[in-house]
Amino acid sequence: MSKKTLKELQDERAVKYGEMENLAKESDTRALTPDERSQFSTLTNEVKDLDEQIRSAQQIQAFNAGRAASVGTGEDGQRDISKQDERDLARFSLLRALDSKLHMRELDGVEAEVQAIGMEAAKRDNIEVNGAGIIVMDSVFSKRGQTATGQTTNPGDQGGVLIREDVRSVLEVLQANTFLKEVDATFLTGLTGNLKIPVQDTVPVIQELDEIEEMLDAEILFSSLGMVPERRGVTIPISRQIMIQGSIDMEQFVINQIGEALAQKMNVEAAIKLLLIITSANGNLLPLDTNGALPTYEDIVELETMVSGYNHLRGKPKYLTNSKVRGILKTTQKFTGTNGEAVWDTRDNLLNGYTPVVSNLIPSNLTKNTGTNLSALIYGNFKDWIIGQWGGTEYIVDPFTAKKKAEIEVTVNAFWNQREARKKSFAGIKDIVTVRP
């Protein structure tokens, strides 16, 4: 017989304890039958035996966790995460943690360890945590595979019930690719208090002087850019039946959907803010025509020239646009009358020698005068796009609001903000026509 893992033991205990609860509820309205009393007694003994096995497994796990904790701390004062730690954290179950909170039980095992890490980060980042909250650092879910829930069936009336069904994963809603990590934006995590970054605005002016002419004082002027955390969140109802059954598939599905929704929100906000700083007043907008126009190779190169002209062409600049612009540029020649080489290099997937990133979160429904359904193209040093993150993701359990539907509500909070370090590190076009006349 193979050795059971801590999770398997806990899952088995949860099932048996649930059966005991059902029998106990029945005893509130009627007397239990002899078989039911015998079943309750058997379940009680089995739960006690499982409790002993769980305690033993937790002691071994705690010993291993303590041994792993000796790997030291990083430069930021946080404990390094070893490969063994990553495997341990990968066994974290949000549903088990929520169930413990729901029934006012102390967290134990890997759930307690994850909560301790999250609470430490929240305290360090000055994030106040509700008593029902569970703080989970994003790294806990970063390496976990994506799964989904099962589905109900309609059995046939002529033997269909005998046919085994192969239930596959849910076909999820297809959402636009996110882009912030692909363009190498700067993520500042573990922030405490409000963020303030000094910015040098001027350089010393070197003066031309006669032999004994008195020199004027020179100044270096500074400004600052700042960010304060902004809250983003979502509330998701989860049925008690799913909690009782402990479906890891559903747990992963919900977690992945929350993570994807938060990522989509962050990237949509980034696209909006990027386009807001690309204006004629900032000197980084390239207008094509009164009502928009088809882009040319010269237009693409001009964006690079604009950023370079402000001495901001640093790091690894990239182009960012949507699939419609990619499509039109793949069918647009660099120079008319040549061999037909496309503006978008399909062999090496390059645009003007730089890596292009494609996301349909970059709008294709812009308007300009009578022009409609226009697209945007952004070029820049995205290291100068700063995303500040405060704490991890907070999960709060509410067992009361939807109690009549036998649901709990899980509210998720995250805190972030984002902005540019330098406006002129970016240039763009906001009136691209992507359909040939």
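**Leu 274 and its surroundings: how the terms apply**

Reader: Which residues does Leu 274 touch, not counting residues up to four places away in sequence?

Author: Leu 274 touches Phe 179, Leu 320, Ile 378, Phe 382, Trp 385 and Phe 426. Each touch is a contact, that is, heavy atoms within 4.5 Å. A word on the basis: this is a predicted model, in which local features need pLDDT of at least 70 and side-chain atom pairs count only at pLDDT 80 or more, while totals for chains, interfaces and linings use all residues. Residues are numbered from 1 along each chain as its sequence is written, and side-chain values use heavy atoms, with hydrogens and water left out.

Reader: What makes up the largest nonpolar core, and which residues have the most contacts inside it?

Author: The core has 41 residues, and Phe 179, Leu 180, Leu 274, Leu 320 and Trp 385 have the most contacts within it. Its members are buried Ala, Val, Leu, Ile, Met, Phe, Trp, Tyr and Cys residues joined through side-chain atoms within 4.5 Å. Helices H4, H5 and H7 and strands E11, E12 and E13 each give two or more residues to this core, and H7 supplies the largest share, ten residues. A second, separate core of 22 residues includes Leu 286, Val 307, Val 325 and Tyr 379. The helices (H or I, at least four residues) and strands (E, at least two) are DSSP runs, numbered from the N terminus.

Reader: What joins Lys 265 and Glu 269?

Author: Their side chains also meet in a salt bridge, at 3.8 Å from N to O. Both residues lie in helix H7, four residues apart, about one turn of the helix. Elsewhere, Lys 334 and Glu 341 meet at 3.4 Å, and Glu 341 is partly exposed at 34%. Through shared partners, salt bridges join Glu 230, Arg 232, Lys 265 and Glu 269 into one network. By this rule the count comes to 14 salt bridges.

Reader: How do you know that both faces of strand E6 are covered?

Author: Lys 318 and Leu 320 on one side and Tyr 319 and Thr 321 on the other are all buried.

Reader: What makes E6 and E11 a pair?

Author: Two strands pair if DSSP finds at least two bridges between them. E6 and E11 have four bridges, in the antiparallel sense, so they qualify. Tyr 319 stands opposite Tyr 379 in E11. E6 also pairs with strand E9 in the parallel sense, over three bridges, and Leu 320 has Val 357 of E9 as its bridge partner.

Methods:
Buried < 20%, exposed > 50% of the residue type's maximum accessible area, 1.4 Å probe, protein only. Salt bridge = Lys/Arg side-chain N within 4 Å of Asp/Glu carboxyl O.
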